[in-house]
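Student: I have a structure to go through. Please take me through it by question and answer.

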There are 2 protein chains.
Amino acid sequence: VGTEKIAVIGAGSWGTVIAALLEANRTSAGEVVLWARGPAHAASMQRARRNERYSSEVELPAGLAVTSSLEEAVTGAGVAIMVVPSRWAREVLVAAAPFLGRDAVVVSLTKGIEPGTLLTMSQVIEEVVPGRAVAVLSGPNLAEEIARGLPAATVVASARPAVASALQRLFAFPRLRVYTNHDVVGCELAGSVKNVLALGAGMADGLGAGDDARAAIITRGLAELARLGTAMGGNPLTFSGLAGLGDLVLTCTSERSRNRKVGLALGSGQLLRDVLAGMKEVAEGVTTAASVVALAERQQVELPICQQVAAVLDGSATPAEAVAALLSRELTHELAGWPPRSLSLPMPPL
Amino acid sequence: VGTEKIAVIGAGSWGTVIAALLEANRTSAGEVVLWARGPAHAASMQRARRNERYSSEVELPAGLAVTSSLEEAVTGAGVAIMVVPSRWAREVLVAAAPFLGRDAVVVSLTKGIEPGTLLTMSQVIEEVVPGRAVAVLSGPNLAEEIARGLPAATVVASARPAVASALQRLFAFPRLRVYTNHDVVGCELAGSVKNVLALGAGMADGLGAGDDARAAIITRGLAELARLGTAMGGNPLTFSGLAGLGDLVLTCTSERSRNRKVGLALGSGQLLRDVLAGMKEVAEGVTTAASVVALAERQQVELPICQQVAAVLDGSATPAEAVAALLSRELTHELAGWPPRSLSLPMPPL
């Protein structure tokens, strides 16, 4: 893995923080380039040495280059880090493809599923720029906390162990513990479904359902996440790890989680369009919910919480109806339906 | 299971709420009796129809009997519900034993391990009153929220399926979903270890470590809980369920969790004796921590978070040193050490 030049594609809060930390912790000669879609945004960051739009508290290190030219950012980069919202990922990747070297490693930091195709980000990458090593960085990581140097842990997943190890060293900032994993699709599914579940947890909170209800949603939500994730080929163990349970807990409980905030507003009676109009950044769960439900239908697994969240988002249920529907399901054994018939191994995360 | 007479042994907040709900939701003739250790406390509850000491917002239903006589409470009871702190459980049970019928079912609601013997509550029950059917009720349930009728889910575990089913019906209050399980010791271990982990999560919060760190502690903490629990014969699936993950998440994140509050105070620099002096009720994690570490030594499993919590409690480390020690451990694969050699099945909760 060539780390002399690193391109960070996407200048939202997470992309900005990662680019700043990669530059600040660079141990060898080389460069880190941050790409922003808008030329005005890139120019403003170059000038102010801050991303005033998404991450104003982070000072950009002097050596960090900022550009709105994909050619400039990607040409010669040994590592290309994709951190754009899922609905724009393909478009940006197609535009970057002509400049991407054959040996470049592509790392996805995006937590979502492509609308329509229902592909994960690594699958989009493999389709658009085939033959490159692909990896995913995912875990309970709030951009704002990582920027402040608060302690955190995360997971780098790649099917190629050498790539995972190289990226583990690359992202091992002083206060960030990086664990390796080989389960790319499991980490991606977990990172996508947890946003949908956080909308549900937020709705319950907005309705005043209480901490017990939230804990139950997280627990049964992890079962949904693991059910879909294993059906898609993920490793059951991934879902009990940092990229699964860890990120799910963070997103469902933190005051700073975007998807939880949207759910909270919906549960308090606000309309979806008003909530979204008031947000600067993308809450991935809002687009992911329908994709997750479609994936579940294709895989024939039941995801009652995700289905209720999707129903609220498409206007076919109110948050109160959705929460009531979840509470009225039949009494059962906790492990009922486990393991699903499609699996021969003893099933873990319930 | 005879449910004509039900004894609730222990009038803390949880015992009081459960007794009130059992009486309020009684569908057949019979009685519910709440036992309080202190005669004055019992008399005050009888008179005021409230437990002014531990649960003042709950009105006791007119039919609920309150007594400080174990003979009166237990004689003829088909179900005896034990909800006294772990360190006093044996003493109370020994005193109740002469009055307990041969066919009585004993249900433990206590989340802790007996100091010294390192026995779980069901093991204490089996030792003191052998031959009785034993069950455990455990899950993410704050007494205050259950009292207010907020929605929640919980688990009843018993090795005897008919007992679990009967208790499932008994505790199925309008807003409480009860799942059955057969893994008594797994539920007990989960309910005990989570209190220790909540002390750790609270300490990190008190030190200002942030939401990412809390999510990492919960995730790696669940791995510890599952490691010890499976070594003790628990079912790996239990730890990903409501009594495992669900209760862990609740206890580590809720503003109302006693153990988290103690951790928070320690992390903010308060001394343990001052914190405990200011509490009316028992934070079980404070006594459980040393027992959990002793159990881990006996089972030869590593529990780094619990060990650091125990070190803070016994004065051999400060909260800051404990958190720093956890963060400085070696970088590794997320599944390193899994499955442990003692297990042949694919191990689930990481």
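**Strands, confidence and helix packing**

Tutor: A:Ile9 stands opposite A:Met82 in β4(A). This is a predicted model, in which local features need pLDDT of at least 70, side-chain atom pairs count only at pLDDT 80 or more, and totals for chains, interfaces and linings use all residues. Residues are numbered from 1 along each chain as its sequence is written, chains are lettered from A and ligands numbered from 1 in the order in which they are written, and side-chain values use heavy atoms, with hydrogens and water left out.

Student: In which sense do strand β1 and strand β4 of chain A pair?

Tutor: Strands (E, at least two residues) and helices (H or I, at least four residues) are DSSP runs, numbered from the N terminus. Two strands pair if DSSP finds at least two bridges between them. For β1 (residues 5-9) and β4 (residues 79-82) of chain A there are four bridges, and the sense is parallel.

Student: Which are the edge strands of the sheet in chain A?

Tutor: The sheet is open, has eight strands with mixed pairing, and runs in the order β3-β2-β1-β4-β5-β6-β7-β8. An edge strand here pairs on one side only, and in chain A these are β3 (65-67) and β8 (176-181).

Student: Where in chain A is the pLDDT below 50?

Tutor: pLDDT is the predictor's confidence in each residue, from 0 to 100. Chain A averages 92, and 93% of its residues score at least 70. The stretch below 50 has 32 contacts (heavy atoms within 4.5 Å) beyond near neighbours in sequence, and covers residues 337-350.

Student: What radius of gyration does chain A have, against that of a compact globule?

Tutor: The radius is taken over C-alpha atoms, and the globule rule is 2.2 Å times the number of residues to the power 0.38. With 350 residues the rule gives a value near 20 Å, so chain A agrees with it at 20 Å.

Student: At what angle do the axes of α9 and α11 of chain B cross?

Tutor: Axes are lines fitted to C-alpha atoms, for helices over the stretch in contact, and angles run from 0 to 180 degrees between N-to-C directions. The axes of α9 (residues 211-231) and α11 (residues 242-253) of chain B come within 11 Å, and the crossing angle is roughly 150 degrees.

Student: Which residues of α9(B) make this contact with α11(B)?

Tutor: From α11(B) the contact takes B:Gly244, B:Leu245, B:Leu248, B:Val249, B:Cys252 and B:Thr253. From α9(B) come B:Arg214, B:Ile218, B:Gly221 and B:Leu222.
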